[in-house]
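Me: I've just opened this one and I'm new to it. Can you walk me through the salt bridges and the confidence?

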Amino acid sequence: MPGEILDYWPIFSILLSSMGISFVFKDYIADLLATVIIKKTKDIKPGTRIKVTGAGLGTTKGDVMEIGILRTTVMEVGDGERLPSVRTGRLIKIPNYMLINNPVMVYGDTIIDEAVAYVPRPYPDTQLLIDSMKDAIVNNGHGLIEVGLYQKDDRLIIHGVFEVKTSEMGDERSKILRDFLIKSKQISPIVTEAPRVEATLAAVRHEPAEPEAAAAPTKKVAIPLPNAERDD
């Protein structure tokens, strides 16, 4: 049926134009026909994550909440460097004809993602780094695909590739990287190695690390409260 509708689409356009129907009303007809196609193919359905790229629409990524008669409601999800895979809380209403006239990426239940860590000199045992990244991925409940180790300038790059549920992508990289840093002894669970952490962060930012003297513990200052009792 969807194929037949597409085959006769030019005829529909000619008929609508000849009848003098306004351009806006033709868009409504296009949305209605697109709704039929979407529901018949079932590629796009509530709960599916999609990414739409089209003229006048830009790039829209989100989770399908509802497919209406004329519009599909999508909960926006961040993409790229901006809130990657995290729901922004904004709802987007997409005309249904745009979902069949523009490229649409449909996400499955799982997706392949990566976690990248940088380790400055002096390098620890390389096998420890590889095993730590593997453990961090598996212990967070994801499917391990591959862990690679590369050298660039004065630092090592540990690259972990893993499979994660599409609905859980939000902050998984941060969790994996934190576990990796702890397991590979770059940091401790209770942060006491400030100079080492600063060196790691500086390597990522291509900046010199602060000297160890700057990491000395600061003195606690007692701030008097208005209602505190005092001994005169």
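Predicted model: local features only at pLDDT ≥ 70, side-chain atom pairs only at ≥ 80, totals over all residues.

Me: Ok, how many salt bridges does the structure hold?

Reply: Nine. A salt bridge here is a side-chain nitrogen of Lys or Arg within 4 Å of a carboxyl oxygen of Asp or Glu.

Me: What does lysine 51 pair with?

Reply: Its partner is aspartate 79, at 2.7 Å from N to O. That pair links distant parts of the chain, 28 residues apart: lysine 51 sits in strand 1 (residues 49–54) and aspartate 79 in strand 3 (residues 71–79). Strands (E, at least two residues) and helices (H or I, at least four) are DSSP runs, numbered from the N terminus.

Me: And glutamate 76, which residue does it bridge to?

Reply: Arginine 90, with the closest N and O atoms 2.8 Å apart. Glutamate 76 is in strand 3 and arginine 90 in strand 4 (residues 82–95), so this bridge ties together parts that are 14 residues apart in sequence.

Me: Is glutamate 76 buried or exposed?

Reply: Glutamate 76 counts as buried, because its relative accessibility is 14%. Buried means under 20% relative accessible area, exposed over 50%, and partly exposed in between (1.4 Å probe, protein chains only). Arginine 90 has 44%, so it counts as partly exposed.

Me: What about aspartate 113, where is its partner?

Reply: Aspartate 113 meets arginine 173 in a salt bridge of 3.1 Å, N to O. Aspartate 113 belongs to strand 6 (residues 110–120) and arginine 173 to helix 6 (residues 172–183), so the pair ties together parts 60 residues apart in sequence. Aspartate 113 is buried at 8% relative accessibility, while arginine 173 is partly exposed at 34%.

Me: Which residues are linked in a network?

Reply: Arg49, Asp63 and Arg87 are, through salt bridges.

Me: New topic. What pLDDT does the protein average?

Reply: The average is 76, and 69% of the residues score at least 70. pLDDT is the predictor's confidence in each residue, from 0 to 100.

Me: Where is the pLDDT below 50?

Reply: Residues 191–215 are one such stretch, with 28 contacts beyond near neighbours in sequence. A contact means heavy atoms within 4.5 Å. Over residues 220–230 pLDDT also stays under 50, and the model has zero contacts there beyond four places in sequence.

How values were computed:
Residues numbered from 1 in each chain as written. Heavy atoms only, no water.
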